[in-house]
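Subject: Structure handover

Hello,

Please find the structure below. My notes on what was found in it follow.

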Amino acid sequence: NQYLINLKIPLPPLPEQKKIAEILGTVDETIEKVGQKIEKTERLKKGLMQKLLTEGIGQKEFKNSEIGRIPKEWKVAGLGENIALEYGKGLTETQRINGQYPVFGSNGIIGYHNEFLVRGPGIIVGRKGTIGAINWSNDNFWPIDTTYFVRLEGDNIDLKWLYYRLSLSNLSKL
């Protein structure tokens, strides 16, 4: 490429080039090690979620159910009996007034607005685009029209527990 061949760059003496490359190489190695630790921690979390959300904590007795083996004192319930999925509301980028409230699309935060549609905390589920993606907001938020947000029906489900349960459910395959 002619542009690359003709590119002008500052050229320090070779010993300084080597020192700069060594410093930046050390930073790259550190980033890689941190990335490996994050991956390992994420795998640990996924395994822990699988165990806790299917076997509970310290359960000794289990029973067979229509969805498989579960702790004896647990019951099987239809999700629709306990939650409602509400539609988000359109809010284009040009309509947004920069503020403190996250605006969620189907794949996560896509901006911020000065108003919220839903009082947090809350679960946002991708409806179009990244269908079935699960997001969590600790704060009040605005889910746009490519998403659902979860509204609890009753008081027998912890919202954060449900977020983790839905995260494990691979909703994109439904």
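Where is Asn82 found? Asn82 sits in the loop between β2 (68-71) and β3 (83-87). Before the rest, a word on how to read this. The model is predicted, so local features need pLDDT of at least 70 and side-chain atom pairs count only at pLDDT 80 or more, while totals for chains, interfaces and linings use all residues. Residues are numbered from 1 along each chain as its sequence is written, and side-chain values use heavy atoms, with hydrogens and water left out. Strands (E, at least two residues) are DSSP runs, numbered from the N terminus.

Asn82 is buried, with a relative accessible area of 10%; buried means under 20% relative accessible area, exposed over 50%, and partly exposed in between (1.4 Å probe, protein chains only). A polar atom of the Asn82 side chain lies 3.1 Å from the backbone oxygen of Gly78. Leaving aside residues up to four places away in sequence, Asn82 touches Ala77, Arg151, Leu152, Glu153, Asn156 and Ile157 (contact means heavy atoms within 4.5 Å).

Strand pairing

Two strands pair if DSSP finds at least two bridges between them. β3 and β9 (residues 147-152) run antiparallel and are joined by 5 bridges. In this pairing, Glu86 stands opposite Phe149 in β9. β6 is also antiparallel to β9, with 3 bridges joining them, and Gly126 has Thr147 in β9 as its bridge partner.

There is also an open sheet of 3 strands in the order β5-β4-β8, with mixed pairing. β5 and β8 (142-143) are at its edges with a single partner strand each, so one side of each has no neighbour in the sheet. β4 (residues 101-105) and β8 run parallel, joined by 2 bridges; Val103 stands opposite Trp142 in β8.

A cis peptide bond

Which form does the peptide bond from Gly120 to Pro121 take, cis or trans? This bond is cis, with omega near 0°. In general, most peptide bonds are trans. Pro121 is in the loop between β5 (108-113) and β6 (122-126).

An exposed strand residue

Asn64 lies in strand β1 (residues 62-65). Asn64 is exposed, with a relative accessible area of 72%. From Asn64 to Ile31 the separation is 33 residues in sequence and 46 Å in space, C-alpha to C-alpha.

Regards

Note on methods: Helix = DSSP H or I, 4+ residues; strand = E, 2+ residues; numbered from the N terminus. Polar contact = N/O pair within 3.5 Å; in protein donor to acceptor, adjacent residues only side chain to side chain.
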